[in-house]
Amino acid sequence: MSQTLPSGSLSGKTALVTGSSRGIGADTVRYFAEAGANVVINFRNKAPRAEKLAAQLRELGVEALVVGADLTDPASVQAMFDEVERTFGGLDVLVLNASGGMESGMAEDYALKLNRDAQVNVLESALPILREGSRVVFVTSHQAHFIRTTPTMPEYEPVALSKRAGEDALRERIPALEERGVGFTVVSGDMIEGTITATLLERANPGAIAARREDAGKLYNVAEFAAEVARAALDPVPADNTRLVGDTDSFGGE
């Protein structure tokens, strides 16, 4: 993986990425470590994979803390941030990457609980240890970001609606974050090749990925999109707090 952030640009900083034992989260946390940040790898139930990633990142000369937490459980989330504070004294980058809702066997309100309620609670729980000048990044998809004006596949609609609800709830907190000197950016990407969500959508709707690739001309892969997420933690906050990644011609306004 090539260096996407300037070497040393995050030296002395601490970054936490939710859902970072695999996929976009894992690549994002790797980019932060390559830039010199101490990192917190959060996972729900894949401890061995998270520990393996941490071992690789420590070879870069940074500290890597592995913390399991169920983001829908406030006590679990609070325990995670308590451990971060004990280990690093505070936090400079928080990436809200973990999401879901297409898993089988979950309660009907699970998508909303994870993609809205849990996101807000994670941010609120992190606030006491977010240092001035820190950055919060919320990761979403065009299918969710533009759901009010552009229909998505029926299989994905409940997830898209819940993620947009989460984005809206987080945006309401921007003035309070700015008062504390904390920047907030939404990173919205087109369908990402190689993600769990894309795989599940393809299974439910064969040909969906190829059709979207043809419409867009190109789809980002996991590493490419993670690079955009990582850059959002360093680049100036856009005027509308939104970083759009990939083609948006097929989507209406927000």
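In the predicted model, helices H3 and H4 cross in a right-handed sense. Helix H3 spans residues 74-88, and its axis comes within 10 Å of that of H4, at a crossing angle of roughly 35 degrees. On the H3 side the contact is made by Pro74, Val77, Gln78 and Phe81, and on the H4 side by Asn121, Val122, Ser125 and Ala126. By class, five of these residues are nonpolar and three are polar, with no charged residues. The C-alpha atom of Pro74 is separated by 19 Å from that of Glu167, a residue 93 positions away along the chain.

Helix H4 also packs against helix H6. The two helices comprise residues 110-126 and 157-171, respectively, and their axes come within 7 Å and cross at roughly 20 degrees. H4 and H6 are therefore roughly parallel to each other, since angles under 35 degrees fall in that class. The crossing of H4 and H6 is right-handed. H4 contributes Ala111, Leu112, Asn115, Arg116, Gln119, Val120 and Leu123 to the contact, while H6 contributes Pro158, Val159, Ser162, Lys163, Ala165, Gly166, Ala169 and Leu170. Nine nonpolar, four polar and two charged residues make up this contact of H4 with H6. The spacing of such contact residues can be read against helix geometry: an α-helix has 3.6 residues a turn, so residues three or four places apart point the same way.

A further helix pair is formed by H1 and H2. Helix H2 covers residues 47-58 and packs on H1 at an angle of about 20 degrees, with the axes 10 Å apart. This angle makes H1 roughly parallel to H2, and the crossing of H1 and H2 is right-handed. The residues in contact are Ala26, Val29, Arg30 and Ala33 of H1, together with Leu53, Gln56 and Leu57 of H2. The contact of H1 with H2 has five nonpolar residues, one polar residue and one charged residue.

Helix H10 is largely enclosed by the rest of the structure, because eight of its eleven residues are buried. The buried residues of H10 are Val222, Phe225, Ala226, Ala227, Glu228, Val229, Ala230 and Ala232. The elements covering these residues include helix H1 (23-34) and strands S4, S5 (130-141), S6 (183-189) and S7. At the start of H10, a side-chain oxygen of Asn221 lies within 3.2 Å of the backbone nitrogen of Ala223.

The loop between helix H10 (222-232) and strand S7 (242-245) contains Asn241. The phi angle of Asn241 is near 60 degrees, a positive value in a residue other than glycine. Asn241 counts as buried because its relative accessibility is 9%, below the limit of 20%.

Strand S4 (residues 91-96) contains Asp92. This residue also counts as buried, because its relative accessibility is 8%. The side chain of Asp92 is joined to that of Arg131 by a polar contact of 2.7 Å. Leaving aside residues up to four places away in sequence, Asp92 touches Gly12, Lys13, Thr14, Arg131, Ser134 and Arg135.

Methods: Residues numbered from 1 in each chain as written. Predicted model: local features only at pLDDT ≥ 70, side-chain atom pairs only at ≥ 80, totals over all residues. Heavy atoms only, no water. Axes fitted to C-alpha atoms, helices over the stretch in contact; angles between N-to-C directions. Helix = DSSP H or I, 4+ residues; strand = E, 2+ residues; numbered from the N terminus. Parallel < 35°, antiparallel > 145°, perpendicular 65-115°, else oblique. Left-handed = near helix turned anticlockwise from the far one by under 90°. Contact = heavy atoms within 4.5 Å. Nonpolar A, V, L, I, M, F, W, Y, C, P; charged D, E, K, R; others polar. Buried < 20%, exposed > 50% of the residue type's maximum accessible area, 1.4 Å probe, protein only. Polar contact = N/O pair within 3.5 Å; in protein donor to acceptor, adjacent residues only side chain to side chain.
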